[in-house]
Amino acid sequence: MSSSTGFDYEGVLQHCAKGDRHALMQLYEQEASRLLTVVMRILKNRPLSEDVVHDAFIKIWKKANTYHQELGSARGWVYTLTRNLALNALKHTHRQVLAEPDFLLDLCDNQVLASAEQPNDMTELANDHLAQASLQTCLEHLEPERKLCVLHAYVDGYTQQEIATLIDKPLGTVKSWIKRSLNALKECLQ
């Protein structure tokens, strides 16, 4: 049975279950970019999203024989499998970030508060190793929770609402901490 797009998802999964690599390639060409968009909405991290989509296609290849039409559409099965992998990656990422906040400091070497108010100065800062060391020193002067909020916002790319949920603090508190921490970092770096 074909979907409204004319692509035969069920047939492709049946062929994948029989070891037909060409069928997997057809599915990849049909859905990879859309799956990446879905995963990016969940993870907000392109490299991690690309890894999840890659893993999804491996899992589709290995588990295609477990798909049964009575459980729903083949396309729905593919999206559910991919979405579940993305949600698992999100949970793992959050646990890792909370368990190892100092690990995030290493990321500052390549992504120095890129969205600060003076982008030209910050670009120069990113290329200046002495300034990077100063930034790390200034980050160390922040209280641990406030430093974690700044790193989540400017290194991980989380929204303030996501940070509030992640650290279980009110949104207003997180906004205030980030604003005050950025001001403290500016003063420290001058």
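Me: What makes Cys138 and Cys188 a disulfide?
Reply: Their sulfur atoms are 1.9 Å apart, and a disulfide is a pair of cysteine sulfur atoms within 2.5 Å. The distance meets that cut-off, so the pair counts as a disulfide. This is a predicted model, in which local features need pLDDT of at least 70, side-chain atom pairs count only at pLDDT 80 or more, and totals for chains, interfaces and linings use all residues. Residues are numbered from 1 along each chain as its sequence is written, and side-chain values use heavy atoms, with hydrogens and water left out.

Me: How many disulfides does the structure hold?
Reply: It holds one. The pair links distant parts of the chain, with Cys138 in helix H7 (residues 129-140) and Cys188 in helix H10, 50 residues apart. Helices are DSSP runs of H or I with at least four residues, numbered from the N terminus.

Me: Why is Cys138 called buried?
Reply: Its relative accessible area is 5%. Buried means under 20%, exposed over 50%, and partly exposed in between, with a 1.4 Å probe and protein chains only. Cys138 is therefore buried.

Me: How do you know whether Ser181 is buried or exposed?
Reply: Ser181 has a relative accessible area of 2%, so it is buried. This residue lies in helix H10 (residues 171-189).

Me: What does Ser181 touch, not counting residues up to four places away in sequence?
Reply: Ser181 touches Leu142, Arg146 and Val150, where contact means heavy atoms within 4.5 Å.

Notes
Helix = DSSP H or I, 4+ residues; strand = E, 2+ residues; numbered from the N terminus.
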